[in-house]
Amino acid sequence: MSRPLDRNCQLPELGEVDRDAGEFWVPNAFRMPQSGHNLSAWERNALFLNTGGGEFANVSFASGAEIDADSRTAIAADFNRDGRLDLLVASVGGGPLRLFRNRFEQAGRGIAIVLKGADSQRSGIGARITAVVAGRRIVRDLFPEGGFAGQGPCEVLIGIGDADQCDQLLIDWPSGTRQVFESVAAGTLVRVHEDRDSLEFIEPAGP
């Protein structure tokens, strides 16, 4: 749906509308509330577990995340600082925000990274973070948006499985600066300053 610049215009149907299937056409989108139509799509939410090898298991019911709501925003972040990503979900039409705590026992280990820019903007949004673990490269980009009208914290949590450390941590800043840090221990929350050569260890970030 697009909204015309002229709030009073009347747009003809651009194609066949299957009203038996629930489709509808409103000549003026600004008057949709008065017509009794809406764009909400109520269906149960779904959550899938990555089981490796490109396979995913449907854990919607078992996780409790299979709520019947018109959800638009899902933010993944470590809200309780246990090293595992939790899920915050917001839905259209009001109601409570729902926080789903990650209690998965075999979550592995991770490193949480917060950036502080100097030549780049302060939060480091747009930076690329690469963790090298036992020859494997894990790449994450810092973009805190999380769906419609939602934003998560400006930090990145990188899971490194059973490894005790990240062999190399590479930060590619929007300014073009690259930093490389060696042997970063698992289970830590670190702040990376664009204008410093050493990491700032803030607190433990889980197991």
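Trainee: Why does Ile 138 count as buried?

Mentor: Buried means under 20% relative accessible area, exposed over 50% and partly exposed in between, using a 1.4 Å probe and protein chains only. Ile 138 has 5% relative accessibility, so Ile 138 counts as buried. A word on the source: this is a predicted model, where local features need pLDDT of at least 70, side-chain atom pairs count only at pLDDT 80 or more, and totals for chains, interfaces and linings use all residues. Residues are numbered from 1 along each chain as its sequence is written, and side-chain values use heavy atoms, with hydrogens and water left out.

Trainee: Which residues does Ile 138 touch?

Mentor: Contact means heavy atoms within 4.5 Å. Leaving aside residues up to four places away in sequence, Ile 138 touches Ile 129, Thr 130, Ala 131, Val 133, Ile 158, Gly 159 and Ile 160. The C-alpha atoms of Ile 138 and Ile 158 are separated by 7.7 Å, although these residues lie 20 residues apart along the chain.

Trainee: What about Asp 78: how far away is the nearest side chain of opposite charge?

Mentor: That side chain, Arg 81, is 4.3 Å away. A salt bridge needs a side-chain nitrogen of Lys or Arg within 4 Å of a carboxyl oxygen of Asp or Glu (Lys and Arg count as positive, Asp and Glu as negative; His and the chain ends are not counted). Asp 78 therefore has no salt bridge, yet is buried.

Trainee: Which backbone nitrogen does the side chain of Asp 78 reach?

Mentor: The one of Gly 83, at 2.9 Å.

Terms used:
Polar contact = N/O pair within 3.5 Å; in protein donor to acceptor, adjacent residues only side chain to side chain.
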